[in-house]
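I opened this one with my notebook beside me. Here is what I looked up, entry by entry.

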Amino acid sequence: MTPPDLPTLRDLDTRDPLASKRAEFLLPGGVIYLDGNSLGVLPARVPARVEKVVREEWGVDLIRSWNKHGWIDLPARVGARIARLIGADADEVVAADSTSVNLFKVLSAALHLAARKDSRRRVIVAEEDNFPTDLYIAQGLAELLGEARAELRLVSPAGVADAVDDETAVLMLTQVDYRTGERHDLPAVTRRAQERGALTLWDLAHSAGAFPVDLNGAGADFAVGCGYKYLNGGPGAPAFLYVARRHHASAPNVLSGWMGHASPFEFTSRYAGASGIRQYQTGTPSILGLSALDAALEVFEDVDMGQVREKSLSLTRIFIELMRPLCARHGFRLVTPGDDERRGSQVSLAHPHGYEIMQALITAGVIGDFRAPDILRFGFTPLYTSHEDVWHAVQTLETVMREGRWQDARHAERNAVT
Ligand SMILES: *Cc1c(COP(=O)(O)O)cnc(C)c1O
């Protein structure tokens, strides 16, 4: 197949049903941004919302805003907006804390739930290449509980299905691998794990807002995800967690803070968790962060996630096609599956000089990122990335390689964040 040319890509953009969404983002001039899988672009409606919350709600109404502006319900309202994107009911998702902290909460809850049914079920099965924070959280929790109650078992991605046995409490997976961009078949993996008596915990960091997810359709048990990647909630935005309604009464939150209490303003000394999803909150919600995320999610209100997936596949497919000649000529290796079904919304390329090449590319105005040891990552966010962007990104990379710009010594200096 010959790679598409620029007029063909412009034509695709003309016919793109999501094209108008781009105007809802404040894209900086002079850059092509292919890192929305790491930090989403600022939605145009966010600054005014944050300004209002700061100046009017905080500045003028002060403490009264908890009631007057519904601050107290904001975690649930934001959760409900996210629920629509991940196939959950509105009262099964809450926005709170970071993904790492939420993982601790739902992983503890899952271990508790599994052990109550069968005390032999104490193993957390996870992929050895999972995002480190997921593994670190599981390690910390396993250490806290001790061997008799928890054990982390790491397996290769290919071994996941077979690793679930009658000692498994929970299968903890990230649906899209942050390094390779490979996507798990969430319904199929969930079904297999549950057939073997295990619970499932999905990290949707690279799924929510990137393509449709149907947690209820799959019968998934628990999930967590990130507010600042495809959901565009801003740096360090609150994350979210999902607990299937059938578990609300039997999967308690061990980070039992007052905001998860059934009646926080009765100030009783004995903890009694709220009955619904609110029990998975811990402390006072971050209103500034939640407000930015809430406004960012308004962008998704009229969006058909099926169209998002279609465009995402089109963008990644074309990027892969356009990259093929460069792979051959300049030594890039495609790491992401070419098969649509097995691909998330990013494409990763391995190259021994990946870090330097990415720095040179960023200097040339195309922003992706680098993940050790040798991966260049390119995220494709259908709401604000066009097919023409993909074309220019590849042309720029071609120039960087042909002119050997990456060899400039300044591109070898490692930044704290890659
Ligand atoms: C980005 C990401 C996280 C982020 O966790 P934080 O607590 O927000 O830092 C967690 N898991 C995965 C798989 C991620 O990609």
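**Aspartate 389.** I began here: aspartate 389 counts as buried at 12% relative accessibility (buried means under 20% relative accessible area, exposed over 50%, partly exposed in between, with a 1.4 Å probe and protein chains only). Its place is in helix H13 (helices are DSSP runs of H or I with at least four residues, strands are runs of E with at least two, both numbered from the N terminus). I then looked across the sequence: aspartate 389 and valine 31 are 358 residues apart in sequence, yet 9.5 Å apart in space, C-alpha to C-alpha.

**Ground rules.** I am reading a predicted model, in which local features need pLDDT of at least 70, side-chain atom pairs count only at pLDDT 80 or more, and totals for chains, interfaces and linings use all residues. Residues are numbered from 1 along each chain as its sequence is written, and side-chain values use heavy atoms, with hydrogens and water left out.

**Helix H13 and its partner.** I checked helix H12, residues 354–363, against H13: their axes come within 10 Å and cross at roughly 120 degrees (axes are lines fitted to C-alpha atoms, for helices over the stretch in contact, and angles run from 0 to 180 degrees between N-to-C directions). That makes H12 oblique to H13 (under 35 degrees counts as roughly parallel, over 145 as roughly antiparallel, 65 to 115 as roughly perpendicular, and the rest as oblique).

**Aromatic pairs.** How many aromatic pairs does a search of the whole structure find? I got 9 (rings of Phe, Tyr and Trp, the last by its six-membered ring, pair if their centres lie within 6.5 Å; planes under 30 degrees apart are stacked, over 60 edge-to-face, the rest tilted). The rings of phenylalanine 25 and tyrosine 384 have centres 4.7 Å apart and planes at 55 degrees, so this pair is tilted. Phenylalanine 25 lies in the loop between helix H1 (6–14) and strand S1 (32–33), and tyrosine 384 in the loop between strand S13 (375–379) and helix H13 (387–402), so the pair ties together parts 359 residues apart in sequence. Phenylalanine 25 is buried at 5%, and tyrosine 384 is buried at 2%.

I noted tryptophan 66 and tryptophan 71 next: they form an edge-to-face pair, 5.2 Å centre to centre with 85 degrees between the planes. Tryptophan 66 counts as buried at 19%, as does tryptophan 71 at 9%.

Ring pairs link Trp258, Phe265 and Phe267 into a cluster. Phenylalanine 267 sits in the loop between strand S8 (239–243) and helix H10 (287–298), and counts as exposed at 57%.

**Leucine 62.** Here I found another positive phi, about 45 degrees, although leucine 62 is not a glycine. Leucine 62 lies in the loop between helix H2 (46–61) and helix H3 (65–68) and is partly exposed at 46%. My reminder: most residues other than glycine have a negative phi, and most peptide bonds are trans.

**Cis peptide.** I logged a cis bond joining alanine 372 and proline 373, with omega about 5 degrees. Proline 373 lies in the loop between strand S12 (369–371) and S13.

**Cysteines.** How many disulfides does the structure hold? I counted 0 (a disulfide is a pair of cysteine sulfur atoms within 2.5 Å). Cysteine 226 is buried at 2%, and cysteine 327 is buried at 18%.
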